[in-house]
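The following note sets out comments on the model, arranged as numbered points. Please read them alongside the sequence and coordinates.

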2 protein chains.
Amino acid sequence: MTSEREFIRELQQRFVVRPPVLTGIGDDGAVLSCDDQSRMIVVTDMLLDQVHFDLRTTSPRLVGRKSIAVNVSDLAAMGSWPTAAFVSIVLPKDSAPATQQFLDQWYSGIQDLADQFEFTIAGGDTNSWNGPFAINVCLTGMPIEEQAVLRSGAKAGDALFVRGPLGGSLQTGRLLTFEPRLTLAANLLDRADLHAMMDISDGLSLDLHRMMEASKTGAMLIAEDIPVHSDVALIDGLEQPLHHALSDGEDFELLFSVSQADAERLSHSDLQLHRIGTVTDRAGFVELIHADGTVSAVGESGWQHL
Amino acid sequence: MTSEREFIRELQQRFVVRPPVLTGIGDDGAVLSCDDQSRMIVVTDMLLDQVHFDLRTTSPRLVGRKSIAVNVSDLAAMGSWPTAAFVSIVLPKDSAPATQQFLDQWYSGIQDLADQFEFTIAGGDTNSWNGPFAINVCLTGMPIEEQAVLRSGAKAGDALFVRGPLGGSLQTGRLLTFEPRLTLAANLLDRADLHAMMDISDGLSLDLHRMMEASKTGAMLIAEDIPVHSDVALIDGLEQPLHHALSDGEDFELLFSVSQADAERLSHSDLQLHRIGTVTDRAGFVELIHADGTVSAVGESGWQHL
């Protein structure tokens, strides 16, 4: 097996993009054109017992909520509002998840977010088998403004922002209860021209590499401006808080780039935004300036000293 | 656990349908409005190793093809052309499906249909776990005419047609190699006003019950007009060929209703259509007239003599 990035590159080469698809594999979601004017966005995510959650320790309601929340977060990252969810599940035969009570709780979890953001659970598929519990959610959406925001629009000279703080999500369970940043996305679109945006699911380091690769740009980060979550202090044997903020992932916060003029405006907002660095023309290079002035290269899973 | 029909009814009651969703749970797919004019259709299906196929005896290419074909068939049933597929898979760790060769073949199978019908594989998700191989496909489409064809539009007095023949699909492997009737759907829309349509996945009896329930109508079938597939003769211990045509399922042929005037036109077509009966006003009743004039009630899994 090759790495996920190589695998996605292979798939991009293998599958031809045909109209009405405008953006296919490689962003948080796909963009389809309905007609000259309107666009539809589609995102999808599969969640698996013992991989993405653990039913022995997590309530079905939280698992249901999370299966929708990760997809809502992908749509928020594309500046798009959810319209319809398609939820497929497979239940293990003869075990707790096959009971009506489990299903009721699970569906309550997905309904919570559908009601909060006013979209429809519009279809799906339900099966049972001699295997673990699995869920696939496919979520459609519509751009809040005329166009979706892609990963590929960052420009050299842009300011980079995250909604923070980051890190410690896995160890403290925040990864199950996070709030998808949909209202924030709408707010940002109202105030600024977002050049590129994505949500942080695999860690700031890796996701920023993905954005810079898609945009054919690089990034210079300021170490002391990266917001470290207080949850990180709770992790045992902690030596490098910044490393957790860069690498833990499952933050589901928004990462985006805007012009310097928009950056000025957003810096004085009340949106808990952190300006963490600048987009450069050094395509593919992500670097970090430490407090003492030393510069490190940031790899996909954190930084190594040069 | 309740029956699938009860379960779907529960879900329909539980989940509110909100704009831009026009048709939600309960048809072959959902209908979303993009704007005043254009519609988007979404269908989804999950396929599981040892439930819907058996990787010990079936090539990955055929499994890949089928995972797309069942969804194309659902779109055909809604009179809609596919635009974009979203393919999620989970691979068992340390086994054949995790190899590059398996994946190459599997993706060739999905590519075959994407190329044949000119749509895009536009996204998905890939994972691995300590469980069996599973696939979820979500497929978007656009109505061939202005509107999608639903299950709920059959009218008392309509003629009922199937593209046949039916039965024996499971036992002879036709369920893996079937041709989704997309070109037929386009052809029918060109020649007639289709009141209701669906594809036969769970057997003519059960699927006709679903269509009649959605349309609040009944059906009177003519036993000798139901086309029995020659594959049925290959099944050992065969006593009731008609029973197989009614109940086997996985035919993926189109079932539809049209006015008597349109029925006249279609009866003389070269489309391998079979006029199998008439829609009645006896809501929920599906009945069968045998060659000797006796009438049977047809249950969801075949007929019982009155």
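1. S80(A) lies in strand β4 (residues 80-92) of chain A, strands being DSSP runs of E of at least two residues and helices runs of H or I of at least four, numbered from the N terminus. S80(A) is buried at a relative accessible area of 0%, where buried means under 20% (1.4 Å probe, protein chains only). Among the residues that S80(A) touches, leaving aside those up to four places away in sequence, are I41(A), L75(A) and M142(A); contact means heavy atoms within 4.5 Å.

2. This is a predicted model, in which local features need pLDDT of at least 70 and side-chain atom pairs pLDDT 80 or more, while totals for chains, interfaces and linings use all residues. Residues are numbered from 1 along each chain as its sequence is written, chains are lettered from A and ligands numbered from 1 in the order written, and side-chain values use heavy atoms, without hydrogens and water.

3. One disulfide is counted over all chains, the criterion being two cysteine sulfur atoms within 2.5 Å. The bond joins C34(A) to C34(B), S to S 2.5 Å, and is left-handed, with -55 degrees about the S-S bond. The pair crosses between chains, each cysteine sitting in the loop between β2 (30-33) and β3 (39-48) of its chain. Both C34(A) and C34(B) are buried.

4. C138(A) is buried at 0% relative accessibility, and C138(B) is buried at 1%.

Conventions
Buried < 20%, exposed > 50% of the residue type's maximum accessible area, 1.4 Å probe, protein only.
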